[in-house]
Amino acid sequence: MPRLANPSQFMKLSAALMPWCAAAAALFLGAGLYLALFVAPPDYQQGESVRIMYVHVPAAWLASLAYALMAGASAVGLIWRHPLAHVAAESAAPLGAGFTLICLVSGSLWGEPMWGTWWVWDARLTSVLVLFFLYLGFIALEHAFDDRSRGTRAAAILAVVGVINLPIIKFSVDWWNTLHQKESVFRLDGPTIAPSLLWPLLVMAVGFLFFFATLLLLRMRAALLEARLRALTFGNP
Amino acid sequence: MAAFFAMGGYARFVWPAYAVAALVLLGLLFWSLASYRRIKIELAAREAKSPRRRKQAARNP
């Protein structure tokens, strides 16, 4: 980690890593799409509508994961002033917002045929909507001040405070009554979902993960280059 | 093939879900790529204006 603290070290490392992440993303997303649409069987209760799961669930996982990363990086930036931390958090924010949007829209499209409603104000759906607004709030705060560093700090504080929402999302289906089904993959007693549905889901999720990693590296590189450009333009006239 | 696109009667829910996912992910990809390229071009132009900086950049790219 200390080696990564140096932005120019990060530029070298990310340049080497990014093509591999991109290739893995393309491979896993391609395979995942094939498995999800052609190989996975229809569910015995939900029929073909279960295929929505293969975009809904990976998007939901990545929405929370990206937030955890954003909040963790923000905390590191606030406490240790690590030069890459805020860059990582700000690069992750629009990606997390995108995953959350996919999760909300695909969930709604799944809810209508299965629950008979596009939306319910229960704990799971509401807490994921709050997650979406946390991302939007982070992005807005970041740009809300003329002094960039103040915006960065304010957004980082919001990200750290908002982390309380993550366990609420995770356990909302256990703590409150909801139409949403309970956890069926990451369970202490093992997955309860059928393996024929689980494998395509995991392949797709790995694809989403590598996609996130690729874009995170790309956006961090862009942010570092932009910082260098700003320093050249305003720092040394 | 028609049966595949019909998705057992759930076509109007399954395909929009995949379309939204593709749209958002590709949107993020192209937006991020475009801003990366724009910044690279601007930085190259700015560094070309300042020879001292250009030498420095050549030493540690």
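In the predicted model, Val55(A), His56(A) and Ala59(A) of α2(A) meet Ala17(B), Tyr18(B) and Ala21(B) of α2(B). Sorted by class, this contact between α2(A) and α2(B) comprises five nonpolar residues and one polar residue, with no charged residues. The two helices, α2(A) and α2(B), pack with their axes 9 Å apart and at an angle of about 40°; because angles under 35 degrees count as roughly parallel and those from 65 to 115 as roughly perpendicular, α2(A) and α2(B) are oblique to each other.

The contact between the chains as a whole draws 33 residues from chain A and 25 residues from chain B. On the side of chain A that touches chain B, two or more residues are given by each of α2, α3 and α7 of chain A, and the largest share of that side, twelve residues, is contributed by α7(A). The residues on this side of chain A are divided by class into 19 nonpolar, seven polar and seven charged.

The largest nonpolar core consists of 75 residues, and Ala59(A) is among those with the most contacts inside it, together with Ile52(A), Ala63(A), Ala66(A), Met70(A), Ala89(A) and Ala92(A). At least two residues of this core are supplied by each of α1 (7-39), α2 (53-80), α3 (85-115), α4 (123-142), α5 (148-161) and α7 (195-235) of chain A, and likewise by α2 (11-49) of chain B. The largest share of the core, 18 residues, comes from α7(A). When neighbours within four places in sequence are left aside, Met70(A) is in contact with Ala89(A), Ala92(A), Ala93(A), Gly96(A) and Ala159(A).

Note on methods: Residues are numbered from 1 along each chain as its sequence is written. Chains are lettered from A and ligands numbered from 1 in the order in which they are written. This is a predicted model: local features need pLDDT of at least 70, side-chain atom pairs count only at pLDDT 80 or more; totals for chains, interfaces and linings use all residues. A nonpolar core is a set of buried Ala, Val, Leu, Ile, Met, Phe, Trp, Tyr and Cys residues joined through C-beta atoms within 7 Å. A residue is buried if 20 or more other C-beta atoms lie within 10 Å of its own, exposed if 12 or fewer, and partly exposed in between; C-beta atoms are placed from the backbone. Helices (H or I, at least four residues) and strands (E, at least two) are DSSP runs, numbered from the N terminus. Two residues are in contact if their C-beta atoms, placed from the backbone, lie within 7 Å. Ala, Val, Leu, Ile, Met, Phe, Trp, Tyr, Cys and Pro count as nonpolar, Asp, Glu, Lys and Arg as charged, and the others, Gly among them, as polar. Axes are lines fitted to C-alpha atoms, for helices over the stretch in contact, and angles run from 0 to 180 degrees between N-to-C directions. Angles under 35 degrees count as roughly parallel, over 145 as roughly antiparallel, 65 to 115 as roughly perpendicular and the rest as oblique.
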